[in-house]
Amino acid sequence: MRYQEFDEKIEGLLAAMTLREKIGQLNQIPEPKTLEQAEAYKERIRRGEIGSIILASSATAGNEKQKNKGAAQEDGQQQKNAAQEDGQQQKNAAQEDGWQSNINTALRNELQRVAMEESPRHIPLIFGRDVIHGHHTVYPIPLAAAASFNGELVEKCYRNIAREAAAEGVHWAFAPMLDLSRDPRWGRIIEGPGEDPYVAQVMGQACIRGFQGEDLKEPDSLAACAKHYIGYGASEGGRDYHRTEIADYSLYNYYLPAFRAAVEAGAATVMSSFNDISGQPVTSGRKYLTDILRGQLGFEGFVVSDWAAVQMLIRFGVAGNRADCARLALHAGVDMDMVDGCYGENLEALVNCGQVPEEELDNAVRRILRIKFAKGLFDRPYCKMRRVDRAGHLADARTLAAESMVLLKNEGVLPLEKDVTVALLGPFVHEKRSLLGSWTLDYQIEDTKSLLEAMQEKLDREHILLSADETGLYDDSVQKAVKADVVLLALGESWEATGERRCLSDISLSAPQQAMIRRMKALGKKVVGIFFCGRPLAMEGVAEQLDAILYAWHSGTKTAEAVCDILFGDVVPSGKTAMTFPRRTGHIPLYYNVTSSGNFVNGYYGEELFPCYLDSVTSPAYPFGYGLSYTTFAYGPVTAEETCLSLGELEAGKRFRLAVTVENTGSFDGKEVVQLYIHDKIASRMRPLRELKAFQKPLIRRGEAAEIQFELGWADLGFYTEQGEYLVEPGSFDIYVGENCLTDNCISIEIL
Ligand code: NOJ
């Protein structure tokens, strides 16, 4: 029991609370938009009707163009009236720094003061915000960060994020998003770990540890929220909010592992997802929210609904009115109702007439209070806005951005010499906002350089012969491009093509950008494509035209500098794709951990006796785990200290110990993501042809070799049945260790 120490206090409070006060704890409201609204909120807080405030004024705040300015900043007077002695100092401290918080900390403190001093039980509010991949300092979108395959660095960056956000009064971040997705058309693919359950576990845990720190109650920690539980990334056609079909076998083996790991890492909260699974909305799915999440995964924190998702049960056609919505969602296991007010309006009557057992309500209150106690809110409810030194955070953002970028192709062009002449063209030459990515509310655009600005720090002005974002090139531009040693094309997609409700039916590079590539190629120049994207794009017809491709993603505040670090060889690329790059949109879904078909039609692994499609080759443009370096690595054979273990030995904790020697055979020091995949060859259920089970990312100096050791045990070699039972079966397994999922460097082991 993680939160047992608070039981006594919680029971004491519960015994004293009225029904209405209990329901208040379950009620989350959006931040006030006006001063009048703030006053009305205070009244409700005084009556104990509000338990939490989400510091956002819309469901898709992170998609919004303008920074979310929050409420009541129109009126400086209000801040003084907030009666916090340090209110004015906070304002001044912020202004000295040259920036001001988007969060009205003084108003936030005033609302908290009302809760602490004037509400019946003096229970603090918990303030949540969509702090997804950065606060003032923005780190790579999570899909890019996953490509770094560097959990320690990700954890460090999320610690930084927590420090910045907590300093402005945020208690609770609505991240990490752990939605496995095999569909890059889905706009929210940017927010998650990609297609692999293991990467999702590692990255999710790194983010949770980073946010929550050593102790949740420390002032610089944020409570994490593992979301969206569950199956949201499987929406049909990559269309946001659409239905999903997930058989329990797939649920347990693909979609749940990241949440299981999040619970193990101590995630304080979970957000239920918008979608339905095979006709069961998750918001009313007791099987998912109670039986599996709490019963099987052992989650002890609280569940918050997604934005207005409780009332959506009406549109789903499973509830006739808002009272039904409240009854169904609470029974399913949704503890806190995000913004739609269904709980606040209906639960009292439902309990009074016996349709909702009071014990069900009490349990939800208990879970919310646990996290309020664990977060230390009773002892430290207010926010003293602190100046956070961000120099180290910005440096980490640059390192993670560079480690996240993937070199997809390099025909001897990169790295560039320091005295090269370049023509810099394309729609992202001057762009800044897109480099930050979607779902970021608090960025400081002043921290962000455009590609041209970053390039000017590496090259003298006369070496940049041209910098233009036009796509229809004029003769003059062409003349200049001809004179350059190399043409650098800044390509990709706008941040506004990604995020919530921003799905695409075609993930090709836009036609003008493709035309531009062809035009430059026709000049006989070396052409490098730098892709600023939120998702893998379909690469057919594009990759062939380019001499080098650096996939830079939307990598946050330091994207442009990190690109230049790589282009000029100051950093050796080390990112690997955490999601398959299809050749064409029509090949989606295309993912590496596929099972074998009964016939020879498995395009991913080159088995195409019978083509999947008559009109195209279905192997990926770039497979999962793929990425080049400036150096080369040679893998020795996989060796095993033991090739046979009995089931009993494994269960008792014995492990297969495996090793591989990786030699840096090139001329740069470099990091390599050494990946270990398993294939359970004959099992009672079909098992994937490859499953990532471990990776390491050592730095290997040129001319040196490293012995990389792995261990595989009980927890790595089994799978879940459709009932959620974990099975390890005897039989033989192929263990692959190599540079990406297509490696054939393999050894067989046996479980007896
Ligand atoms: C809806 C999104 O699905 C969720 O991820 C986000 O945290 C909430 N809106 C709150 O903004």
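**Side-chain contacts in the predicted model**

R44 is partly exposed, at 28% relative accessibility. In this predicted model, R44 forms a salt bridge with E49, and the closest N and O atoms are 3.5 Å apart. E49 is buried, with a relative accessibility of 13%. Side chains of opposite charge can pair when their charged atoms come close.

The whole structure contains 59 salt bridges. One of them joins D442 to R129, with 3.0 Å between the closest N and O atoms. This pair links distant parts of the chain, 313 residues apart. D442 lies in the loop between α18 (433-436) and α19 (451-456), whereas R129 belongs to strand β3 (residues 126-129). Both D442 and R129 are buried.

D565 and R398 also meet in a salt bridge, at 2.8 Å from N to O. D565 sits in helix α22 (residues 559-567) and R398 in helix α17 (residues 391-404), so the pair ties together parts that are 167 residues apart in sequence. D565 is buried, at 7% relative accessibility. R398 is partly exposed, at 27%. Elsewhere, a network of salt bridges links E39, K42, E43, R46, E110, R113, E117 and E118.

Aromatic contacts were examined next. The count comes to 28 aromatic pairs. In the pair of F149 and F695, the ring centres are 4.9 Å apart. The planes of F149 and F695 stand at 80 degrees, so the pair is edge-to-face. F149 lies in the loop between α7 (142-147) and α8 (151-166), and F695 in strand β25 (residues 691-696). The pair therefore ties together parts that are 546 residues apart in sequence. F149 is buried, with a relative accessible area of 2%. F695 is buried too, at 14%. F149 and F695 belong to one aromatic cluster, together with Y198, Y592, F624 and Y677.

Charged groups also sit over rings. R182 lies over the face of Y591, 3.7 Å from the ring centre. The charged end of R502 is placed over the ring of W495, at 5.2 Å from its centre.

Cysteines complete the survey. The model has zero disulfides. C342 is in no disulfide, and the nearest cysteine sulfur, that of C325, is 4.9 Å away. A disulfide would need the two sulfur atoms within 2.5 Å. C342 is buried, at 0% relative accessibility. For C533, the closest cysteine sulfur is in C503, 16 Å away, which is too far for a bond. C533 is buried, with a relative accessible area of 0%.

How values were computed
Residues are numbered from 1 along each chain as its sequence is written. This is a predicted model: local features need pLDDT of at least 70, side-chain atom pairs count only at pLDDT 80 or more; totals for chains, interfaces and linings use all residues. Side-chain values use heavy atoms; hydrogens and water are left out. Buried means under 20% relative accessible area, exposed over 50%, partly exposed in between (1.4 Å probe, protein chains only). Rings of Phe, Tyr and Trp (its six-membered ring) pair if their centres lie within 6.5 Å; planes under 30 degrees apart count as stacked, over 60 as edge-to-face and the rest as tilted. Helices (H or I, at least four residues) and strands (E, at least two) are DSSP runs, numbered from the N terminus. A charge sits over a ring if NZ of Lys or CZ of Arg is within 6 Å of the ring centre and within 35 degrees of the ring normal. A salt bridge is a side-chain nitrogen of Lys or Arg within 4 Å of a carboxyl oxygen of Asp or Glu.
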